[in-house]
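Colleague: Please take a close look at the aromatic rings for me. What sits over them, and what do they pair with?

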Amino acid sequence: MSTLPKKFYQRDTVIVAKELLGKKLTRKIGNYEMSGTIIETEAYRHKDDPASHAFRNITDRNKVMFGEVGIAYVYFTYGMHYCFNVVAKKMKTSAGAVLIRGIVPEKGIKKMQENRNIENLKNLTNGPGKLTQALEITKEHYGIDLTKKIELYIEEGLEIKKIKKSTRIGIKDGKEMLWNFQI
DNA sequence: CGAAGGATCGTCT
DNA sequence: GACGATCCTTCGT
């Protein structure tokens, strides 16, 4: 199976967020592989989106959102969680990223359960902080290229027909935009 | 069940 | 110096 090309991410952030549903996320540590299918995403854009980290200005943290597409944007929040995003936007001069909020675990479930110290599959990777903990994604992955099959990448997956739209979670402004997408 | 509150620290003002 | 694109536990019903 091949990874999604740069071209895939070089489109409107909201469209990419929808189309990432059903795709396969893989995390490789040495020979060990963990993977799952993406089932929930959120789009965060630029100046038109008050909930986005890129809304105000470019900073040390958010700078990858302004750069090349198909790159990982990982940040630390609430003093204990990492969140994993993919840079996606139509214009080179703009900014945007898609937050991966949930996957269905497939390969390497045992390791994920160890990492999270729980058994229940339902609670294993059904939240942005949970999936980074399960897949051992940290700030070390900030800025890596997800189109290359190295330690973290996204491949082709299922065709999704029905998409549920909703408001994004945990934000103050920008609630009128239905940019949370789930299968 | 659902609601409420605590944990904990990097980032921005 | 305040707060957050969260999660988990506890407590009450």
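Modeller: A charge counts as sitting over a ring if NZ of Lys or CZ of Arg is within 6 Å of the ring centre and within 35 degrees of the ring normal. This model is predicted. R168 meets that rule: R168 lies over the face of Y44, at 4.7 Å from the ring centre. R11 does likewise with F8, where the distance from the ring centre is 4.8 Å.

Now the rings themselves. Four aromatic pairs are found in the structure. One of them joins Y73 and Y142, with ring centres 6.1 Å apart and planes at 75°. Planes over 60 degrees apart count as edge-to-face, so Y73 and Y142 are an edge-to-face pair. This pair links distant parts of the chain. Y73 sits in strand β3 (residues 72-77). Y142 sits in the loop between α4 (128-135) and β6 (152-155). The two are 69 residues apart. Y73 is buried, at 1% relative accessible area. Y142 is partly exposed, at 23%.

F76 and Y78 are among the residues around DNA strand B, along with R56, T59, R61, G79 and M80. Y78 reaches a base with its backbone: one of its N or O atoms lies 2.8 Å from a base oxygen of DNA strand B. T59 goes to the phosphate instead, with a polar side-chain atom 2.3 Å from a phosphate oxygen. By class, this surface has three nonpolar, two polar and two charged residues.

Terms used: Residues are numbered from 1 along each chain as its sequence is written. Chains are lettered from A and ligands numbered from 1 in the order in which they are written. This is a predicted model: local features need pLDDT of at least 70, side-chain atom pairs count only at pLDDT 80 or more; totals for chains, interfaces and linings use all residues. Side-chain values use heavy atoms; hydrogens and water are left out. A residue is near a molecule or strand if one of its heavy atoms lies within 4 Å of it. A polar contact is a pair of N or O atoms within 3.5 Å; within protein, one must be able to donate a hydrogen and the other to accept it, and residues adjacent in sequence count only if both atoms are side-chain atoms. Ala, Val, Leu, Ile, Met, Phe, Trp, Tyr, Cys and Pro count as nonpolar, Asp, Glu, Lys and Arg as charged, and the others, Gly among them, as polar. Rings of Phe, Tyr and Trp (its six-membered ring) pair if their centres lie within 6.5 Å; planes under 30 degrees apart count as stacked, over 60 as edge-to-face and the rest as tilted. Helices (H or I, at least four residues) and strands (E, at least two) are DSSP runs, numbered from the N terminus. Buried means under 20% relative accessible area, exposed over 50%, partly exposed in between (1.4 Å probe, protein chains only).
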